[in-house]
Amino acid sequence: MDAYIPQVGTHISDLETPCLIVELDALENNFKVVAETYKNTNCKMREHTKNTKSPLLAKLQMSFGGTNEGVCTAKVAEAEIMVQGGVTDILIPNQVVTLDKIERVCALAKQGDLKLCVDSIQNVETISQVASKEGVQIGLLIEVDTAMGRAGVRSPDQGVSIAKAIDQLDGVSFRGVMSHQNVEEDKTPEGRYLRAKETIDICLAVKDAIEAAGYPVEIVSTGETFCYDIAANIPGVTEVEGGSYALMSTSYSYLTEFQIAGKVLGTVVSKPTPQTAIGDIGSLSLAAPAGIIPTFDGDDVQVDSIHDDHIVLRTKDNNLNVGDHFKLLPGHQDMLVNRWDKYVAVRNDIVEEVWDIPGRGCYH
Amino acid sequence: MERPIIKPIGTPTEELDTPSLIVDGDVLNENIETMASFFRDRPQKLRPLVSSHRSPTIAHKQIRAGGTVEGIAVTTLSQAEVFIASGFTDVYIANLVVTKAKIARLCALTKQATVTVAVDSHANVNDLNDDAARKDTTIRVIIYVSAGDGLFGVDSDQEAVDLASTITNASNLELAGITGGEAVNDILGAKRTIEAAGIPVYSVTINGEADYKQVGMMEDVTEVLAGSYALMDHSRRELFPEFKCAGRIMSTVTSRPEAGYMITDAGQKSIGADTGFPSIDNLPESSVKGLSAEHGSIYFSQSKHCNPQLGDKVWCTPHDIATCVNLHDYMFIVSDGTLEAIWDVPARGRYR
């Protein structure tokens, strides 16, 4: 790990690179957009903190408003980081199946309201056994597969039988339903609406069936950044799991109200031709899953190719020289932050704060 | 930072927390011995490229096995800092160091170890010499010849000779040798031209990640860089059948939504998919449908002999081991099915 903690007040031109920076004006803009969107809705934001991996940033969104004061984490280890950071309402929209990890969840449940998602009766029974032994109550939501073909029940009937099992067992409480979906080709407001409505309706159908069977549904947790504004207004949805919106990436360029706050600062280390500049940012520090190419922050420069520790930039008018700084915009924010240990937070190109990323690497 | 549950030495491998980077210690030792035995009795020697495992423990094993120049190669200055702190005394930084702050860090390192850095321009050579003179130290430099791939490096023999001449006239630099990208003949040609101009070139360092045997048998080559052989990966296993995959991600089945289909707890964040998908080693006819950030979606051939349940383990061989190692803070070393040791990965995230 690299604990690079530059002095507050440093100009970014004096930062060593590559360096993950957060532009505070953009970050605050994004938090305000969410606060404003959820100001008068019953539905609230439950920020997915797998993206920023920082309880400090989660609490910053809470202070701006729009949230239900709870968060999502993808993993148990991330939940531990959030509880340690003082966030106590936690939903893990994922399956936790092994005894050692369920015991960790039970330990956390003594400090907060811990909720897991399940998609099988077998998993419910295991959680119930451990929670009963530990004397805690674990909230359970039923995961519904709406579009991803990943985990989750495939039918309302499956949902009803799991809800029934939860209701009959000790140590677990039935709290609601959860789904996660992705946006498809059409990213216009109409396209996003149709996609969100079509998928979330599948989740709501499971909710309706469970309620008809006599089990009240307290939480419908769904949605993500692509439909943050739409899901909030679909009746029945109680909370939205947005995460990417905080730091943003080029893959969400269709949501123009948000700004990209997380960027990687680099330096030109070689200039083999007048129109070629080699930068010190590579796929290891940037995370460049196949097909997701980063973008140069500025005009007239194209990203030509990316290597392990270098990037090749093509310039039109010979405007980059050895030693010059440049910024890259990530294609995928979550993967990028997972490669870093610190955020260097800047405003008007001056370092204001340096924040840890305690959730980095919390895969367990 | 990773937060795996740390279990006692001797714990059966399949009881370890997941998703974790598990290294078969015996396979690792065999791989290291296979490579060492190739170079042991040759004039050409290996310089382990340690950025593909980022572990000083593995690097020490590589040096102890023999057949090396008794030095290592890293890809960034901050990796050099980690390995020098771990006792390595000969480190080649296979990269350019150009900014003032970094040149100052480089000079500081030269007081702890023999440090060599690549150069491709007069301006950089002058900057390195100026700071080394101020700090009263010597920096070893190695001329990087372009492979014609658009990356850095000098583009012609004449440029190489001019740069060699500037280096030999510099008060606080030492010309260590020549290196470059994959165009080996261009590097050797540049070497001969520099020597014809009366400047000795002591080392010729060639990257052998694509074919260590071929470059390891070339007459003028003195050092071969290679590193991924130690842990191996899916992208290289067919090319190098003499090495076996030692570094793999052990994951857990977390959902079985459909017959012949499973969801696991390892996705792009813990395996890495920058260059391609992992292979699944312990399921018949398996294929990776997709890797989300935290999930693996895997098809397999279900039968009465193969019907994994929630909690069962799935072994993934990463496509590129360097990408995978860079995601982890711990390597769990196993032997004969139990945990033997836990090594940390101190050079993870050392990009600077």
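1. Chain B is divided into domain 1 (13–23 + 240–344) and domain 2 (70–221), the bounds coming from an automatic or database domain assignment. The centres of domain 1 of chain B and domain 2 of chain B, taken over C-alpha atoms, are separated by 38 Å. The structure is a predicted model, in which local features need pLDDT of at least 70 and side-chain atom pairs count only at pLDDT 80 or more, while totals for chains, interfaces and linings use all residues. Residues are numbered from 1 along each chain as its sequence is written, and chains are lettered from A and ligands numbered from 1 in the order in which they are written.

2. Chain B holds an open sheet of eight strands in the order 2-9-8-7-6-5-4-3, with parallel pairing; strands pair if DSSP finds at least two bridges between them. Strand 2 (45–48) and strand 3 (72–74) of chain B stand at the edges, each with a single partner strand, so one side of each has no neighbour in the sheet. From one strand to the next, the twist averages 30°. Helices (H or I, at least four residues) and strands (E, at least two) are DSSP runs, numbered from the N terminus.

3. Within this sheet, strand 5 (residues 114–119) and strand 6 (residues 139–145) of chain B pair in the parallel sense over four bridges. V119(B) has I143(B) of strand 6 of chain B as its bridge partner. Helix 6 (residues 157–169) of chain B lies across strand 5, strand 6 and strand 7 (173–180) of chain B, and runs at about 175° to strand 6 of chain B. Helix 7 (residues 184–196) of chain B lies across strand 6, strand 7 and strand 8 (203–207) of chain B, at about 145° to strand 7 of chain B. For such values, axes are lines fitted to C-alpha atoms, for helices over the stretch in contact, and angles run from 0 to 180 degrees between N-to-C directions.

4. Chain A is divided into domain 1 (12–21 + 256–356) and domain 2 (24–247), with 33 Å between the centres of domain 1 of chain A and domain 2 of chain A, taken over C-alpha atoms. Their contact takes 14 residues from domain 1 of chain A and 16 residues from domain 2 of chain A, where two residues are in contact if their C-beta atoms, placed from the backbone, lie within 7 Å. On the side of domain 1 of chain A that touches domain 2 of chain A, helix 10, strand 16 (342–347) and strand 17 (350–356) of chain A each supply at least two residues. That side divides into seven nonpolar, three polar and four charged residues. Here Ala, Val, Leu, Ile, Met, Phe, Trp, Tyr, Cys and Pro count as nonpolar, Asp, Glu, Lys and Arg as charged, and the others, Gly among them, as polar.

5. In chain A, a closed barrel of eight strands runs 2-3-4-5-6-7-8-9, with parallel pairing. Strand 3 (residues 67–72) and strand 4 (residues 89–92) of chain A pair in the parallel sense over three bridges, and the bridge partner of G70(A) in strand 4 of chain A is D89(A). Helix 2 (residues 55–64) of chain A packs on the sheet, touching strand 2 (44–48) and strand 3 of chain A, and its direction makes about 160° with that of strand 3 of chain A. Helix 3 of chain A also packs on the sheet, touching strand 3 and strand 4 of chain A, at about 170° to the direction of strand 4 of chain A.

6. The axes of helix 6 (residues 156–168) and helix 7 (residues 189–212) of chain A come within 8 Å and cross at roughly 50°. Helix 6 of chain A is therefore oblique to helix 7 of chain A; angles under 35 degrees count as roughly parallel, over 145 as roughly antiparallel, 65 to 115 as roughly perpendicular and the rest as oblique. Residues P156(A), G159(A), V160(A) and A163(A) of helix 6 of chain A meet A205(A), V206(A), A209(A) and I210(A) of helix 7 of chain A. This contact comprises seven nonpolar residues, one polar and no charged.

7. Strand 10 and strand 11 of chain A pair in the antiparallel sense over three bridges, and a hairpin joins them through two residues. T273(A) stands opposite T276(A) in strand 11 of chain A. Strand 11 of chain A also runs antiparallel to strand 14 (residues 311–315) of chain A, joined by four bridges, with V312(A) as the bridge partner of I278(A).

8. The contact between the chains takes 57 residues from chain A and 52 residues from chain B. Elements giving two or more residues to the side of chain A that touches chain B include helix 3 (76–84), helix 5 (121–134), strand 10 (262–273) and strand 11 (276–279) of chain A. Strand 10 of chain A gives the largest share of that side, four residues. The residues of the side of chain A that touches chain B divide into 21 nonpolar, 19 polar and 17 charged.
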